[in-house]
Structure formats: C-alpha cells, structure tokens
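Here is a short report for a first look at this structure. Keep the 3D view open as you read.

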Amino acid sequence: MKRSILLVLIVVLSAAAVFAGGNEEATSSFPEKPIKIIVYTKAGGALDITARKFTDIASKYTDATFVVENKVGAGGIVAMEYVLAEKADGYTLMGATKSNIAKVISTESDIDLMGFNWFAMLMADPEAIITNRNMEIDTWEEIAKDGKAAGGNQLWVGPAAGGLDHVTAMKIWEKAGFEAKWVPFSSGGTAMAALLGEQGVAYVGNPFDTAGKPDLKVAAVSSAERLPQYPDTPTFEELGVVGLENEIMWRGFAVKAGVSDDIIAWYQNIFEQVTDDPEWRDFYEPNGITVFVKKTAEFTEIIKQDIADFKQYLGK
C-alpha cells in the first residue's frame with residue numbers, strides 16, 4: 001500500500017516538474033509572434049509617434065517584432081476595450097496617456113482602469129499656459145488680472161471638455177483665485193487656431209505645442225524649476241501660484257492585468273534600454289520632456305491619484 005502511494009506521488013511530482021518546465025520554457029521563449037501596440041490616436045499623433053519611435057529604437061535591443069495599430073474612437077475608450085478583450089498573454093500592449101484616465105471618468109465609462117497592469121510610464125510633458133503674442137493680454141500677470149475683473153467670463157480655449165487640459169485649467173483657476181470659461185474644440189490644433197484668431201486669451205497644452213508657431217508663447221509652465229529649453233518662461237510658483245509644480249501629460253504603456261511577471265520584466269528591461277538610448281533622449285528632452293521609466297507599483301499609484309483628481313474636478 002505504502003509503495004503504491006509512493007509511486008503515485010512520484011508520478012504526480014514528475015508531471016508537475018514537466019509542467020513547470022514547460023511554462024518556464026514558454027516564458028523564456030517570449031515573444032514567439034509579433035506584438036501589437038494599440039494606439040488610440042490617429043497616425044501622426046503624439047502617442048502614435050511615441051509608439052513608433054519606441055519600436056524603432058527597441059529593434060537595437062531585441063529581435064521581437066512590434067506592430068503599431070491605431071484604434072481610434074471615443075478618446076481612447078475603443079482602444080482600451082479592445083485591449084481588455086484580448087488574452088492576457090503579453091502580445092497586446094496599449095499606449096496610454098493621462099487623457100485616457102480623464103475620458104473614462106468624464107464619460108462614466110464602465111472600463112475598469114485597474115483591469116490593466118500599468119507597467120511602464122515613460123515620460124512627463126509639463127502642462128503650460130500658451131498665449132497669443134499679438135493680443136493685449138499675453139502674460140500670466142495680465143491673464144490673472146483680467147480673469148479676476150471679468151467675473152468668470154474670461155475665455156480659455158482647448159480640446160475636449162472634461163479632458164486633461166480642461167481639468168488643468170480648472171486647477172489653475174482654483175489656485176489663482178478666479179473663474180473662467182472653457183471653450184472646447186475638436187482638437188488641440190483647432191483650439192490653437194482659435195487662440196491665434198483671438199477667440200480666447202489662453203490655451204492649456206504643453207510647451208512644444210508652440211514649436212513652429214512664432215505668434216504663440218509659453219506664459220507659464222507647471223514644473224518645479226524653469227525648463228532649460230524655455231529659460232524665459234516662469235514657473236507657476238515663481239508667479240505666486242503654488243501647488244501646480246507637477247501637472248503633466250504622461251505617456252506610457254500598459255497590458256491587460258494577468259500577464260505573467262516574467263513577461264512584464266522582459267518588457268521593462270526593453271523600456272529601460274530604450275529610455276537610456278541617446279537617440280530616445282535626443283528626440284524628447286529638447287522639447288522640455290523628462291524621460292524615465294516608472295514601473296508597475298509607482299505607475300499604479302499615479303493612476304490612482306489621477307482618478308481621484310479627475311473625479312474631484314469633473315464633479316464640479
């Protein structure tokens with residue numbers, strides 16, 4: 001009897017060892033097929049450029065094949081639903097930005113943001129106030145003075161009501177002690193055209209939005225210190241508006257929750273190599289963007305804080 005039990009245990013343990021070895025082999029051979037990177041913007045958008053730049057530089061460090069697919073619609077909802085419907089096998093990445101969090105909250109979508117593993121935040125692009133040099137009001141001091149005198153009727157332009165830039169504007173108004181009106185446009189480009197057409201006094205975006213647009217200037221930037229690339233632009237703190245040192249547009253990558261830790265580690269290693277690559281840094285840092293890799297634990301805490309912030313301000 002004892003011998004029979006011993007034989008059964010040996011068979012079970014042997015089978016378990018084979019199974020475990022098979023899993024280890026499967027993980028170590030990842031990837032065995034092309035990896036899809038799902039991007040919610042059209043080709044040529046900032047996130048699309050980020051995804052394609054990543055695939056280009058990553059080819060220096062891995063033989064893996066990356067294929068960028070644009071799943072446009074509903075401010076990222078379509079792309080997020082697509083990724084969540086795929087298997088948690090690591091073969092579907094999602095390029096994401098802080099705007100995706102705003103869209104889920106503002107539309108009261110049933111998407112579970114914790115259904116993703118937010119494993120690689122790659123960059124921080126500081127939010128900024130952009131003005132029209134040809135208007136009488138083009139400095140922060142003039143904006144604040146006029147905003148307080150206008151009694152809530154000052155006009156700011158930008159993309160998408162309830163989006164990241166709108167919520168950033170609400171934070172600025174709150175910290176500066178006045179109210180204004182947000183005029184949403186279909187895109188950042190059309191909103192900047194409206195600013196150039198003097199349909200508002202300010203646009204909320206990122207410093208690089210002014211590139212190639214000599215009539216636009218960065219009047220204030222959300223950063224702890226002045227950006228070396230924009231040495232003449234004061235920070236909000238310098239202007240006496242505190243609590244706006246870290247309002248950023250982040251960009252990064254996520255996968256469906258449940259992807260194995262080994263595969264996540266494989267990805268994070270690739271992202272670290274790309275981030276350290278001079279070509280990557282030379283592409284982003286001259287534009288005032290800070291590049292780094294924040295992994296799952298830290299990135300997830302940032303997501304949770306973003307959710308809380310958007311709920312607070314969009315609730316208004």
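## Valine 104 and its contacts

Start with one residue in this predicted model. Setting aside neighbours within four places in sequence, valine 104 is in contact with Ile77, Met80, Ser109, Ile111 and Leu113. Valine 104 belongs to helix α4. Is valine 104 buried or exposed? Its relative accessibility is 3%, under the 20% cut-off, so valine 104 counts as buried.

Take methionine 80 from that contact list. Valine 104 and methionine 80 stand 24 residues apart in sequence. In space, their C-alpha atoms are 9.7 Å apart.

## The chain as a whole

The chain has 316 residues, and 49% of them are buried. Its secondary structure amounts to 10 helices and 11 strands. Along the principal axes, the C-alpha atoms fill a box of roughly 95 × 40 × 35 Å.

How do contacts run along the sequence? Consider those between residues at least 6 apart in sequence: 76% of them join residues at least 24 apart.

## Two nonpolar cores

Which residues have the most contacts inside the largest nonpolar core? They are Trp118, Trp140 and Trp156, in a core of 85 residues. Strand β4, residues 116–126, gives this core its largest share, with 8 residues.

A second core is separate and has 8 residues. Among them are Ile130, Ala191, Leu195 and Leu216.

## Helix α10

Helix α10 covers residues 296–314, 19 residues in total. From first C-alpha to last, α10 reaches 26 Å. That is close to the 27 Å expected at 1.5 Å a residue.

Which residues of α10 are buried? They are Phe299, Thr300, Ile303, Asp306, Ile307, Asp309, Phe310 and Tyr313. An α-helix has 3.6 residues a turn, so residues three or four places apart point the same way.

## Where α2 meets α8

Two packed helices are described by the angle between their axes and the distance between the axes. Helix α2 spans residues 46–58, and helix α8 spans residues 261–276. Their axes come within 10 Å and cross at roughly 95°. This falls in the 65 to 115 range, so α2 and α8 are roughly perpendicular to each other.

Which residues meet here? Phe54, Ile57 and Ala58 come from α2, while Ile270, Phe271 and Val274 come from α8. By class, this contact has 6 nonpolar residues, no polar ones and no charged ones.

Terms used: Residues numbered from 1 in each chain as written. Predicted model: local features only at pLDDT ≥ 70, side-chain atom pairs only at ≥ 80, totals over all residues. Heavy atoms only, no water. Core = buried A, V, L, I, M, F, W, Y, C linked by side-chain atoms within 4.5 Å. Buried < 20%, exposed > 50% of the residue type's maximum accessible area, 1.4 Å probe, protein only. Helix = DSSP H or I, 4+ residues; strand = E, 2+ residues; numbered from the N terminus. Expected span 1.5 Å × (residues − 1). Axes fitted to C-alpha atoms, helices over the stretch in contact; angles between N-to-C directions. Parallel < 35°, antiparallel > 145°, perpendicular 65-115°, else oblique. Contact = heavy atoms within 4.5 Å. Nonpolar A, V, L, I, M, F, W, Y, C, P; charged D, E, K, R; others polar.
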